[in-house]
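User: I am new to this structure and would like to go through it in questions and answers. Please show it first.

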Amino acid sequence: MSHLKVYNSLTRKKEIFKSITPGHAGMYVCGPTVSGESHLGHARPYITFDVVYRYLMHLGYKVRYVRNITDAGHFEEEGREAEDKISKKAVLEKLEPMELVQKYTNLYHWAMDQFNCLPPSIEPTATGHIVEQINMIETLINAGYAYEKKGSVYFDVKKYAADYDYGKLSGRVIEDMLETTRELEGQEEKRNRADFALWKAAPAEHIMRWKSPWGEGFPGWHIECSAMATKYLGAQFDIHGGGMDLLFPHHESEIAQSTICNHIAPVRYWIHNNMITLNGRKMGKSYNNVIRLTELFTGDHPLLEKAYSPMTVRFFILQTHYRSTLDFGNDALLAAEKGLKRLQEAHEWLQKMRITNDDGQPENVNQELDEKVIKLLNELDEFINDDFSTAKVLANMFELVPVINSIKDKNIPVQSLHITTLQMLQQKMKVYVEDILGLKTETLAEGEKLNGVLQVLIDLRKQAREKKDWATSDKIRNQLAEIGILLKDEKNGEMSWSIE
RNA sequence: GGUACCAUGGCCGAGUGGCUAGGCAGAGGUCUGCAAAACCUCCUACAGCAGUUCGAAUCUGCUUGGUACCUCCA
């Protein structure tokens with residue numbers, strides 16, 4: 001059994017994963033800012049780390065998976081500033097931050113559910129941890145690494161960099177950063193341009209505000225993750241995940257804050273997923289090229305030729321290594337959709353297959369095929385252990401699909417494989433497809449009733465065919481095809497169906 | 001400007017020195033009342049130039065093109 005190796009952004013190397021507490025693993029992943037709808041780009045980290053979570057559990061770790069919800073800060077809904085406190089509008093006309101947060105949190109949870117992402121163990125909110133954040137900021141001030149200015153508090157990067165390595169995660173050189181001539185807001189309060197806010201004084205019109213030792217304000221962006229990760233995972237924990245775009249300044253700053261407060265580097269393994277691009281361009285608000293998940297699932301977007309199901313998107317994402325950029329396109333999604341369908345149909349049949357003792361007559365075994373199947377199955381462990389190479393796992397599965405389908409169609413006698421190999425095939429495919437990759441059958445939900453209805457039509461069609469009444473037979477098949485249900489005649493006279 | 005990264009067949013993508021991933025599309029075939037599905041076969045690519053090597057998509061250098069981060073960002 002090979003060991004799990006993960007690429008650590010901190011060391012830029014693949015390292016063998018070893019948890020701090022044997023048998024347990026702590027993982028923190030940066031969650032969404034719930035001031036808007038999630039888009040395709042957001043789907044990637046959640047699906048990536050869902051597989052990480054699932055795989056760690058599969059390995060037997062008791063995992064605490066913490067994923068925050070950022071619901072504090074400068075709040076606005078697209079085109080609608082949340083700064084109406086001094087206006088004369090009625091309460092109900094005003095934008096209520098909590099309402100916004102609730103709306104997008106619900107939508108986000110819905111999307112995660114669609115993707116079959118397991119809920120995290122703890123999903124803390126920034127607003128629920130203001131006290132922890134203030135405490136942490138006070139510790140930073142007392143330690144001499146933060147200073148207050150006009151009701152705001154900033155982290156003193158220059159001082160930190162003198163004692164520690166600021167930039168070790170992102171490969172940044174502190175001297176360069178101190179000299180940057182970029183014009184940014186609020187710079188005049190900072191001692192150095194590289195300093196970042198821990199606490200921001202709230203202007204009068206700002207709705208989100210809390211009392212603090214420095215006056216009314218709201219927490220800076222980076223402090224929430226440090227505070228919540230420390231609270232739920234401890235001073236040092238195993239894995240911290242997020243998008244590559246968070247490497248700097250967000251994660252770099254997290255390291256700095258936590259290192260001062262807890263006297264230890266907070267994270268053992270930093271894991272970052274790459275971006276989803278659209279025509280080679282990062283999908284993001286600032287580029288105005290986002291496809292929202294609701295648009296993706298309904299097909300209601302100028303760039304979409306059709307709707308793509310959540311599982312298609314999940315499969316699409318898993319077909320690429322998480323550290324590569326992934327370019328979105330209709331052709332690519334369409335290819336994913338068809339591939340997934342083929343995989344799932346073979347998988348479903350395999351799981352329904354009854355393996356009996358008669359199947360394993362050693363003299364009939366095709367040794368070469370048997371060995372090939374075993375090799376392909378064993379490689380699944382090897383590949384997933386190699387920094388979660390889901391693309392290779394899927395590639396091997398697609399090599400197994402023809403074997404499965406050939407057994408199904410009796411092109412290959414079931415006796416060609418040892419009974420133990422068949423059992424291994426069935427069991428491993430189940431574990432990988434369902435438990436680790438989290439690919440679920442989408443038709444299963446309304447499946448039962450629909451299945452009943454289809455059975456009636458299949459019976460009718462069988463009868464028609466027995467009478468060589470091709471007109472009726474074709475009518476049933478063609479009309480079902482029009483609404484997107486495909487009937488397939490099997491070799492043994494049976495019929496199966498699938499939804500297009 | 002600084003710092004990284006990337007460039008693979010029609011499309012999406014694995015891949016890190018020899019053993020031609022995989023998916024989708026395309027071509028041919030098997031099966032079939034027809035169709036679909038399935039199965040079999042074919043399509044052998046690595047931006048350009050130079051170098052290292054017995055041998056490079058894979059290492060080195062240069063060139064070109066692109067991207068990301070440095071500001072909210074998954």
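User: What share of the residues in chain A is buried?
Analyst: Buried means under 20% relative accessible area, exposed over 50%, and partly exposed in between, with a 1.4 Å probe and protein chains only. Chain A has 500 residues, and the buried share of them is 51%.

User: What kind of model is this, and how are residues and chains labelled?
Analyst: Residues are numbered from 1 along each chain as its sequence is written, chains are lettered from A and ligands numbered from 1 in the order in which they are written, and side-chain values use heavy atoms, without hydrogens and water. Local features need pLDDT of at least 70, side-chain atom pairs count only at pLDDT 80 or more, and totals for chains, interfaces and linings use all residues, since this is a predicted model.

User: How many helices and strands are there in chain A?
Analyst: Helices (H or I, at least four residues) and strands (E, at least two) are DSSP runs, numbered from the N terminus. The C-alpha trace of chain A spans about 90 × 55 × 35 Å along its principal axes. Chain A contains 15 helices and 17 strands.

User: How many residues surround RNA strand B, and which are the closest?
Analyst: A residue is near a strand if one of its heavy atoms lies within 4 Å of it. The surrounding residues number 59, and the closest are Trp 221, Gly 243, Lys 282, Met 283 and Thr 320.

User: Which helix gives the most to the surface near RNA strand B?
Analyst: The residues of this surface divide into 19 nonpolar, 20 polar and 20 charged. Here Ala, Val, Leu, Ile, Met, Phe, Trp, Tyr, Cys and Pro count as nonpolar, Asp, Glu, Lys and Arg as charged, and the others, Gly among them, as polar. With nine residues, the helix that gives the most is H12 (residues 390–408).

User: Why is helix H1 largely enclosed by the rest of the structure?
Analyst: Helix H1 covers residues 40–58 and reaches 27 Å from its first C-alpha to its last, close to the 27 Å expected at 1.5 Å a residue. The expected span is 1.5 Å times one less than the number of residues. H1 is largely enclosed because its buried residues are 16 of the 19.

User: How many disulfides does a search of the whole structure find?
Analyst: A disulfide is a pair of cysteine sulfur atoms within 2.5 Å. The cysteine sulfur nearest to Cys 30 is that of Cys 225, 4.0 Å away, and Cys 30 is in no disulfide. The sulfur of Cys 117 is 16 Å from the closest cysteine sulfur, in Cys 30, which is too far for a bond. The number found is zero.

User: Is His 129 buried or exposed?
Analyst: His 129 is placed in the loop between helix H2 (97–114) and helix H3 (130–142). Leaving aside neighbours within four places in sequence, His 129 is in contact (heavy atoms within 4.5 Å) with Pro 124, Met 228, Lys 231 and Tyr 232. At 6% relative accessibility, His 129 counts as buried.
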